[in-house]
Amino acid sequence: MRDGYDIGIGVSMASGSPMALGATGMVTPPQVGGGETGSFTFRRIETTQELESELGVGADISAGIGLFSGSASLDFSKRCRVQSSSLTVMVSNSRAFAFKQMDSPELSKAASDLKKQGKPLEEQFGEYFVRGIGTGGRFFGVVRIDTKSVQSKMSVNAALEGSYGVTVSAEVRISISEAMRNAEARAEAFILHDGGTFTTQPRSGDPVTLLSDLYDAMDEWTKSVKDSPRAYTASLAPYAIALGPTPPNIADIEKQRRVLIRCAKLRSQSIDMLNLVDYVLDIRHTDEFEFAPDGPDLQVLRAALAGDLDVIEEAASFAIENLKEARDPEVYMRDIHGKADFRLTGLPANMPRQKEILPPVTPPPPAAPNAMPNLVGQLAEPAISLLACINMEGVDHCLNFVGARLDALGLDRRELGNFFFTVLRSGVIPDVRGDASRPGSRITSQSPAPGTPVQPMTTMTLVVT
């Protein structure tokens, strides 16, 4: 929805600008199904293009209409500064109430007179007109979470994963807040709304409070929007359905639309790359990254990306003003400006990378001296020979006695000898079932289970097959 739109107002396809009144007719609400509709979304946003799609101004959704003229939605997406090293989540709520449209539109008198003179409509009335307008409202809350490392980003995302696409309960809100606190995350909130009111402003420096304030603001808005809706969606139609002419040069118009859509996608990608470079250059975040010795000059890279945005905007403006000559940005620079080798900038492979801060490794506590080892699968002869020897002699003597045959075991011979010595001297009775002297025989089961302490005066069973 744009300032100046009203039912019957003409619209320029390329710029989305409101033109003169192009169509008239009786405006009516729907005869059935006039109740309220709404939606709730909570999801992760990876790119500016995804955010623009959620806002309804994405290249594929808008199909080229007004993508390069100012709008609150586009300004909002730029302010959010989405980039890959941070975690960006969006919560949105929308409510739609009455929708009214012209059921049988006709050309306005001024447009009809121009048609009778054989003159094209688009210069005064555009190629489309606003056929209908919907009332209601929408609320978009975006939180960009800056974390200190790849691991902390993953931990916060894990807390969020279970809530994507569903209503966020109080329990889920608590788990998200705890994950952000543990990751020492920094967060910034952004809000865009049409209709409704709220007084809570998420401005806290504490990410936990910030997220809570955002939900409070959305809850306030949801309760208020029915009493204070606004016109926020417009349905456009070509003049052909108002008994007017079809737009001329259909092939040229489609080419222009394709170029504008391409420009919009390139613009979103360049914004993401520029946001990342700005983030790395920010003194508050520089120490979060590892820099390669042969890494790029980030100031030069930033200037190149900013220049690309200018080129993309210029190519889009040229396409709007020169329907037949519309060109993609790179082709535009080569053909119109004579820069034969022009290429848009990409991020180099040796860009700084966010650090991976691994938690300190805590060694496992030593096993209890009477904890049962896992003997299942081990060759029976050396293990049982060591057990029988230690039942009568000391550990050192028996290790020497069995000797190299213990090499076939996948266990530390000293630890196994000490275990046998400890349990046998505590009164444990060994119960070996099967012939351990048979070549190739192995221990196939044991009791107690591996890791279980072998209690004094009990039986330790080993089954050999």
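Leu243 lies in the loop that runs between strand E10 (230-238) and H9. Its phi angle is near 65 degrees, which is a positive value in a residue other than glycine. Leu243 is also exposed, because its relative accessible area is 63% and exposed residues are those over 50%.

## Confidence in the model

The structure described here is a predicted model, and the confidence attached to each part should be kept in mind when reading it. Across the chain the pLDDT averages 86, and 92% of the residues score at least 70. Confidence is lowest in helix H2 (residues 59-62), where the mean is 64, whereas helix H11 (residues 329-335) has the highest value, at 96.

## The packing of H9 and H10

Two packed helices are described by the angle between their axes and the distance between the axes. Helix H9, made of residues 250-281, packs with helix H10, made of residues 298-321, at an angle of about 160 degrees, and their axes are 9 Å apart. An angle over 145 degrees counts as roughly antiparallel, and H9 and H10 are therefore roughly antiparallel to each other.

The crossing of H9 and H10 is left-handed. Where H9 is in contact with H10, the residues involved divide into 20 nonpolar, 3 polar and 5 charged.

## A buried phenylalanine

Phe139 belongs to strand E8, which covers residues 128-146. With a relative accessible area of 0%, Phe139 is buried, since that term applies to values under 20%.

Which residues are in contact with Phe139, leaving aside its neighbours within four places in sequence? They are Val91, Ser92 and Asn93, then Ile191, Leu192, His193 and Phe198, and finally Leu214, Ala217, Met218 and Trp221. Phe139 and Gly196 are 57 residues apart in sequence, while their C-alpha atoms are 8.6 Å apart in space.

## Two further backbone details

Arg81 is found in the loop between helix H3 (72-80) and strand E6 (87-102), and its phi is near 50 degrees, a positive value in a residue other than glycine. Is Arg81 buried, partly exposed or exposed? Arg81 is partly exposed, because its relative accessible area is 35%, a value that falls between the limits of 20% and 50%.

Another detail concerns a peptide bond: Ser447 and Pro448 are joined by a cis peptide bond, with omega at about 5 degrees. Pro448 is placed in the loop between strand E14 (443-447) and strand E15 (459-464).

Key
Residues numbered from 1 in each chain as written. Predicted model: local features only at pLDDT ≥ 70, side-chain atom pairs only at ≥ 80, totals over all residues. Heavy atoms only, no water. Axes fitted to C-alpha atoms, helices over the stretch in contact; angles between N-to-C directions. Helix = DSSP H or I, 4+ residues; strand = E, 2+ residues; numbered from the N terminus. Parallel < 35°, antiparallel > 145°, perpendicular 65-115°, else oblique. Left-handed = near helix turned anticlockwise from the far one by under 90°. Nonpolar A, V, L, I, M, F, W, Y, C, P; charged D, E, K, R; others polar. Buried < 20%, exposed > 50% of the residue type's maximum accessible area, 1.4 Å probe, protein only. Contact = heavy atoms within 4.5 Å. pLDDT = per-residue confidence, 0-100.
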